[in-house]
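Open the model in your viewer and keep the selection tool at hand. The tour below goes stop by stop.

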Amino acid sequence: MGIESAHCVAIVGAGAAGTLTAARLLEHADRRRLSLDVWLVDPARAAGRGVAYGTEAGTHLVNVPAGGMSAYRERPDHFVRWLGGAGHAEAGADAFVPRSWFGHYLSDVLDEAARTSDTGRLRRGHERVVRVAREGAGIVLSFPSGRTLRADGAVLALGNFPANCAWAPLGLREAPGFVADPWAAGAFADVPPDADVLLVGTGLTMVDVALALELPGRTLHAVSRHGLTPQVHARTPTASMPGPPLPVDCDLTRLRRLVRHQIARSRRLFGDWRPGVDSLRPLTAALWQQLSDADRARLLREDLRDWEVHRHRMPPSSADALDAAVAAGRLRIGPGEVADVTAHDDRIRVRLADGRLLTVGAVVNCTGSPADLRTVDDPLVADLLACGLARPGPAGLGLDTAPDGSVVASGSVQGRTRAPLWTLGALRRGNLLETTAVPEISAQAQAVAKAVVGSLERTRRRAVAHPRDPYGLRLSTTHEAAGLYNRGLRRVLALRSGAEDLLAQAVAADPGFAVAHATLALLAREGAAGSDVDRSLRAARRALAARRADERERSYVACVDARISAPAERGAAALLGHIAQFPRDALAVSVAVPTISFDGVVRGCGTWALVESLAPAYGQDWWYLGQLAFVRQEQRRWQEADSLAVRALDAQPTAGHAVHARAHVFYETGEHRAGLEWLDGWIARNAPGCNQGAHFSWHAALHELMLDDQPALARRYREQLAPPQVTGARALVDSASLLWRCRMAGRWSGPLPVDRVLEAVPAGWLDKPATGFTAMHAALALAAAGDPDRLGSLGRRAQDDDRPEFAEVIAPMCEALAAVTERRWQEAGRLLELVTPRLAALGGSAAQHEVIEETWLYALIAAGQHHRAAALLSSRLDRRPSPLDRRRLRELADGNRRL
């Protein structure tokens with residue numbers, strides 16, 4: 001069985017819930033042979049820690065014996081076995097181990113799942129998600145940086161939110177000694193060591209904080225509304241007890257009676273209440289779901305705290321430490337509520353509701369995570385509720401969810417309008433009540449992973465009638481032809497060779513495949529394929545007329561037709577209009593954006609605006625990141641461009657546009673040695689399958705030129721850039737321009753081997769170039785050949801062209817280059833000074849335009865205008881330092897002209 005095309009699922013949160021879900025997703029994807037990218041998104045660098053297991057304090061213990069903490073329900077001894085392998089063999093199934101150990105265990109679980117997965121790939125994002133929006137059949141995650149991630153589905157594994165501070169008087173919240181979140185990094189750094197401390201809340205958080213802050217000479221005061229502390233786990237294993245039969249139509253009165261009966265029975269059978277409480281655990285959700293809204297509200301108000309102190313117990317060793325602190329007078333626990341506070345220097349005077357006065361150095365909020373998300377200060381939760389993508393759960397707790405963990409949208413009828421969004425853990429408290437312990441989270445992670453993969457498979461089955469391209473766009477053809485087309489499209493986007501052959505196979509498999517015919521015509525028009533442009537375009541028109549296609553396919557063929565057959569302005573408008581309507585048509589975007597493979601229809605700021613506007617459509621897609629990286633380097637945002645390129649290459653090592661962007665970053669920042677080393681490594685690994693390999697060799701040659709390494713430069717030209725290794729457009733744009741640049745820099749020994757280059761250039765390109773960019777390089781090639789007559793002919797043709805860039809840039813450029821070949825230096829310098837600022841109109845990069853500047857510099861030196869040449873060299877050193885330019889500047893300073 002083959003592996004289906006890749007899907008993407010994002011998990012927001014990398015604590016226990018997110019980590020277990022990621023591991024299960026990788027496992028289920030393997031089982032179903034589903035190619036899946038799993039993005040685990042969280043600012044934390046390490047997975048599996050979260051608030052609960054991020055602590056490194058040895059006194060902070062897991063409050064469940066190790067035997068009940070397995071990540072896999074089907075392998076209950078998995079964690080205990082891990083402990084043995086991790087050097088903790090003394091910790092058996094009954095041990096209460098440090099929470100940090102469990103955090104490391106979860107991280108290892110995920111690493112193992114990622115390492116052994118055949119069809120799934122784990123990806124990490126280290127930003128906070130601030131918005132989740134529905135887009136078509138998928139989901140888009142937004143980050144504070146403005147970046148987005150598009151996924152087929154998302155899982156919210158947000159864990160517990162920081163404790164609410166609404167109980168604290170305003171004066172306390174503003175006091176320096178108030179610790180709002182005891183789990184924040186460095187939370188206790190400013191607590192005076194000689195001062196008493198007030199802990200508000202007496203649950204498990206208080207236990208951890210008390211153990212961390214207890215010091216000789218310090219008194220810890222712990223208060224809560226009831227003053228109840230967690231009960232203690234049995235010191236020896238207790239027997240298991242079957243749960244009672246699940247009643248039908250249970251109300252709160254019957255539920256209370258059932259609980260009392262079960263605990264009394266437990267005491268009679270075992271002399272201990274704990275087996276009775278534990279036996280109710282599997283029934284908790286079902287019992288809660290049977291209660292009316294009024295009974296749920298009463299239970300939360302009257303019964304929940306008593307249930308929680310018995311259900312969520314502390315380890316015996318923690319209880320012993322608390323008892324010792326109480327006995328020594330260092331810890332006082334009881335009922336109490338904060339009524340008022342006043343600050344005095346570095347102390348806080350607290351008045352409790354019963355009139356007691358306490359003077360403390362700090363007040364620590366130990367009240368626990370809020371259950372009502374409407375009180376949580378979190379932009380993601382607020383946006384989910386505000387936009388209606390989610391709604392509060394029953395009794396106002398968490399989010400409302402379906403049995404499989406999918407989030408129920410506001411106003412949905414029985415969940416039928418739900419987005420592909422799931423959650424687990426604390427956010428399901430409204431539906432399940434008991435949902436925060438590892439056994440529950442582990443079960444939910446498995447269920448959610450199964451539901452997500454099932455949803456992806458259903459989506460895939462629904463699309464069987466109409467194959468899709470890699471960006472979800474419909475293809476009206478057979479699955480065989482679509483597969484060939486998609487392989488070809490990926491090659492075009494990655495700048496890999498062989499795309500035209502795959503497209504030809506696609507139309508052979510389905511002669512009525514209109515989009516493939518149109519794409520062949522487009523590639524031929526751009527000079528990347530050998531098929532006949534008109535023949536392919538006619539075939540696309542016929543296929544479109546004979547077959548029912550969707551609106552996108554009709555628009556695509558129409559814009560390709562206009563691009564090829566209509567005047568340039570109309571073709572550009574048609575292409576941009578198509579992209580505005582169908583932004584995920586990546587091939588159309590590629591044609592519109594000027595790159596090393598397409599001329600484009602926008603320039604400069606227009607290119608930037610177009611690429612930046614597409615961020616919501618593509619998110620973290622590797623091809624798009626490469627395009628955006630190139631825009632950023634044009635904007636001189638070098639660090640951002642490099643980061644984007646590296647991320648694209650991490651996802652797709654052969655991503656040609658990312659390589660191109662990074663090559664420019666190295667060159668423009670003057671990192672010539674580092675750039676040459678990196679490019680050489682990439683070329684050695686990937687150039688054989690890259691249809692733009694010559695251009696990357698050209699970039700490497702520029703570094704060698706700037707490093708003034710003439711032997712290496714000549715060797716690279718001979719081995720990687722000389723025909724017949726390089727032919728067609730690349731011979732003109734890369735090989736010919738490099739030869740001319742070397743001559744202008746005085747770094748080529750002997751005659752220029754330009755004749756073979758001219759023979760390798762497509763017929764007509766030297767005398768009748770189709771674009772301004774091609775015309776510029778045709779002029780350089782003719783200059784390298786020392787042919788002023790053909791330069792004059794090309795210049796006259798440009799002067800008569802309707803396109804402004806030909807008359808205003810190409811015509812005077814041809815005149816200037818003819819003057820250079822005839823050694824008319826003053827005239828050449830004057831014309832090149834006029835032409836150089838206008839080069840952006842031709843398209844291409846700053847590095848490609850620089851050859852004209854190099855020629856101008858040559859003319860200035862040859863004309864004896866050394867001061868102007870030195871000023872030009874100095875400006876180049878400011879923006880792109882190089883040993884060659886420094887050497888030439890020294891030579892000018894010494895009055896030593898070397899031509």
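**Aromatic pairs**

This predicted model holds 15 aromatic pairs. Select Phe-102 and Tyr-105 to start: their ring centres are 5.4 Å apart and their planes stand at 45°, so the pair is tilted. A pair of aromatic rings is described by the distance of the centres and the angle of the planes.

Now show helix H4, residues 99–116. Phe-102 and Tyr-105 lie three residues apart in H4, so about one helical turn separates them. Are these two buried or exposed? Phe-102 is buried, at 0% relative accessibility. Tyr-105 is buried too, with a relative accessible area of 0%.

**Charges over rings**

Jump to Arg-584. Its charged end sits over the ring of Tyr-618, 5.6 Å from the ring centre. Next, pick Arg-662, whose charged end sits over the ring of Trp-678, 4.9 Å from the centre.

Select S2, residues 36–41. How many of its six residues are buried? Six of the six are. Leu-36, Val-38 and Leu-40 are buried on one side, and Asp-37, Trp-39 and Val-41 on the other. In a regular strand the side chains alternate between the two faces of the sheet.

Show S1, residues 7–12, which pairs with S2 in the parallel sense over six bridges. Ala-10 has Trp-39 of S2 as its bridge partner.

Finish with S3, residues 120–125, which runs parallel to S2 and is joined to it by six bridges. Here Val-38 has Leu-122 of S3 as its bridge partner.

How values were computed: Residues are numbered from 1 along each chain as its sequence is written. This is a predicted model: local features need pLDDT of at least 70, side-chain atom pairs count only at pLDDT 80 or more; totals for chains, interfaces and linings use all residues. Side-chain values use heavy atoms; hydrogens and water are left out. Rings of Phe, Tyr and Trp (its six-membered ring) pair if their centres lie within 6.5 Å; planes under 30 degrees apart count as stacked, over 60 as edge-to-face and the rest as tilted. Helices (H or I, at least four residues) and strands (E, at least two) are DSSP runs, numbered from the N terminus. Buried means under 20% relative accessible area, exposed over 50%, partly exposed in between (1.4 Å probe, protein chains only). A charge sits over a ring if NZ of Lys or CZ of Arg is within 6 Å of the ring centre and within 35 degrees of the ring normal. Two strands pair if DSSP finds at least two bridges between them.
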